[in-house]
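Please consult the sequence and the structure below while reading.

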Amino acid sequence: MGRFLEVALEILFIYFLYRLVFDFIIPIYRSSKKVREHMQEMQNRMQDNLRQEQQRQNATPPPPPPPQQNKVREGEYIDYEEVKENP
């Protein structure tokens, strides 16, 4: 009877070890590998977009600034010179 119990415990231990490896460790490994691949892909895309944006900025000259308007708006402060009278 003792040998039977020993074999049953060994089989039970092997079963739990099997479940641990195939239901826990391997899926975590696969998912972490996928996440790493996706992160690398996203970083590559970001670098490509940054490179394209830099090329676009270097290729096109900046737009000219809009002309300044000298219109006086109502209620706006206007500089003036004070006129002094000579006695």
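The model is predicted: local features need pLDDT of at least 70, side-chain atom pairs count only at pLDDT 80 or more, and totals for chains, interfaces and linings use all residues. Residues are numbered from 1 along each chain as its sequence is written, and side-chain values use heavy atoms, with hydrogens and water left out.

**Salt bridges**

Side chains of opposite charge can pair when their charged atoms come close. Here a salt bridge is a side-chain nitrogen of Lys or Arg within 4 Å of a carboxyl oxygen of Asp or Glu.

| Salt bridge | N to O distance |
|---|---|
| R45 and E41 | 2.6 Å |
| R51 and D48 | 2.9 Å |
| E53 and R56 | 2.8 Å |

Helices (H or I, at least four residues) are DSSP runs, numbered from the N terminus. R45 and E41 both belong to helix α1, where four residues, or about one turn, lie between their positions. R51 and D48 are separated by about one helical turn because they are three residues apart in helix α1.

Relative accessible area decides how a residue is classed: buried means under 20%, exposed over 50%, and partly exposed in between (1.4 Å probe, protein chains only). E41 has 37% relative accessibility and so counts as partly exposed. R51, at 44%, is partly exposed, and so is D48, at 36%. E53 counts as partly exposed at 34%, as does R56 at 46%.

**Aromatic pairs**

Rings of Phe, Tyr and Trp (its six-membered ring) pair if their centres lie within 6.5 Å; planes under 30 degrees apart count as stacked, over 60 as edge-to-face and the rest as tilted. A search of the whole structure finds two aromatic pairs. One of them joins Y18 and F22 and is tilted, at 4.7 Å centre to centre with 40° between the planes. Because Y18 and F22 are four residues apart in helix α1, about one helical turn separates them. F22 is partly exposed, at 46% relative accessibility.

**Nonpolar surface patch**

Patches are made of residues with over 30% relative accessible area and no salt bridge; like charges are joined within 9 Å, and nonpolar side chains (Val, Leu, Ile, Met, Phe, Trp, Tyr) within 5 Å. Accessible areas come from the Shrake-Rupley method with a 1.4 Å probe; for residues, only the protein chains shown count as cover. F13, I14, L17, L20, F24, I25 and I28 make a nonpolar surface patch of about 690 Å². Among them, I25 lies in helix α1 (residues 2-59) and, at 43% relative accessibility, counts as partly exposed.

Technical notes: Helix = DSSP H or I, 4+ residues; strand = E, 2+ residues; numbered from the N terminus.
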